[in-house]
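This report describes helix packing and strand pairing in the structure shown below.

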Amino acid sequence: MKMRRLLASAMAVLAAGTLGVVLFRTEPATADRRGQDLVVIGHRGASAHRPEHTLLSYEAAIALGADYIEPDLVSTKDHVLVARHENEIGGTTDVESHREFDDRRTTKTIDGRPVTGWFTEDFTLAELKTLRAKERVPDLRPDNAAFEGLAEIPTFEEVVQLAQRHGVGVYPETKHPTYFDSIGLSLEEPLLEVLNKYHVRKAFIQSFETANLRDLRSKTRLPLIQLVTFGGAPYDWVAAGSTRTYDDLVKPEGLREVATYANGVGVDTRRVVPTGPDGKLQAPTTLVDDAHRRRLSVHVWTVRNENSQLPSDYRLGNPASPVYSRATGDVMGWLNKLVDLGIDGAFCDDPGMCRAVVAQRSLRA
């Protein structure tokens with residue numbers, strides 16, 4: 001009966017709408033436990049259905065059953081952490097329409113690359129609160145534009161307060177930590193200050209860099225996740241002149257190193273199942289097994305609903321349709337494939353899909 005209720009609940013969520021997730025286990029999955037006991041986390045909130053990194057988005061994620069909500073964190077001029085995908089906010093807020101901030105537009109070098117726009121570190125929190133969020137990818141998610149102009153930029157403290165009111169966890173990412181260190185606005189101290197202030201125990205901390213995770217290891221007992229892109233290198237390594245890359249991190253010896261300071265890795269799905277030039281899946285790698293041998297959990301990112309964001313094996317509909325690229329593909333099929341390969345978690349933009357996968361697998365168990 002419990003499983004029937006779970007399945008019914010999942011299907012109700014699926015029918016009502018969907019959003020982002022992370023599936024997480026503290027121990028690597030065994031063959032008969034894959035897909036069981038998965039924790040749902042809203043990726044940037046309900047980013048498939050609300051402008052990302054807003055309280056609207058996080059509230060929707062919680063309402064649809066997320067266990068964790070994920071804020072990316074950057075700093076304001078007065079050293080307050082706020083939730084934005086990047087510190088450049090021209091594409092995610094209405095700052096361009098605020099003529100009083102015309103003189104704030106500038107070009108900076110972020111992680112070795114020139115970026116032009118408006119940056120959170122040039123605004124006080126009070127100034128940022130006069131802005132309103134907008135959809136980052138309106139061509140892909142035009143319905144989200146209906147919510148533009150309604151939501152402020154939330155502080156990390158506001159996100160934590162929301163999470164605690166509803167009994168869910170937080171999964172913060174520190175964005176560009178080397179850069180923020182270089183301008184005297186380190187992210188880790190205010191991050192821990194907020195987590196400690198609210199006695200947060202249900203949290204994971206993630207980063208694409210390594211040095212800040214090593215530093216955090218000595219300051220917190222919360223689990224840490226080393227993020228890994230498909231190409232490139234951690235910027236703290238680049239800044240130090242190292243020639244090592246993310247490829248080195250996912251080799252057995254690299255994973256052995258990661259295990260000395262982190263509890264898991266968060267990797268591009270292509271690290272687990274590469275895709276060919278035609279977008280079709282190729283043979284899986286050994287990454288999941290290699291990580292599990294080091295007692296590291298494996299989270300993959302990002303599973304999105306739209307055909308254009310899925311491997312071609314899981315796209316649905318008529319390719320000739322003008323809306324084919326943003327039509328929903330076989331997301332549940334793709335998630336099931338990843339879970340079958342032994343992953344411990346998946347960043348997704350739709351927790352309703354994930355809930356349905358969990359329920360179906362529980363029913364079959």
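## Basis and terms

Contact denotes heavy atoms within 4.5 Å. Helices (H or I, at least four residues) and strands (E, at least two) are DSSP runs numbered from the N terminus. The model is predicted: local features need pLDDT of at least 70 and side-chain atom pairs count only at pLDDT 80 or more, while totals for chains, interfaces and linings use all residues. Residues are numbered from 1 along each chain as its sequence is written, and side-chain values use heavy atoms, with hydrogens and water left out.

## Helices α2 and α4

In α2, L55, Y58, E59 and I62 meet E158, V159, L162 and H166 of α4. These residues comprise five nonpolar, one polar and two charged (Ala, Val, Leu, Ile, Met, Phe, Trp, Tyr, Cys and Pro count as nonpolar, Asp, Glu, Lys and Arg as charged, and the others, Gly among them, as polar).

The axes of α2 (residues 55-63) and α4 (residues 156-166) come within 11 Å and cross at roughly 20 degrees; axes are lines fitted to C-alpha atoms, for helices over the stretch in contact, with angles from 0 to 180 degrees between N-to-C directions. The two helices are therefore roughly parallel (angles under 35 degrees).

## Helices α4 and α6

The axes of α4 and α6 (residues 188-197) come within 10 Å and cross at roughly 30 degrees, which makes α4 roughly parallel to α6. F156, E157 and V160 of α4 contact L191, V194, L195 and K197 of α6.

## Sheet

An open sheet of three strands has the order β1-β2-β7, with parallel pairing (pairing requires at least two DSSP bridges between two strands). Since β1 (41-42) and β7 (169-170) are edge strands with a single partner each, one side of each lacks a neighbour in the sheet. I41 stands opposite Y68 in β2.

Notes:
Parallel < 35°, antiparallel > 145°, perpendicular 65-115°, else oblique.
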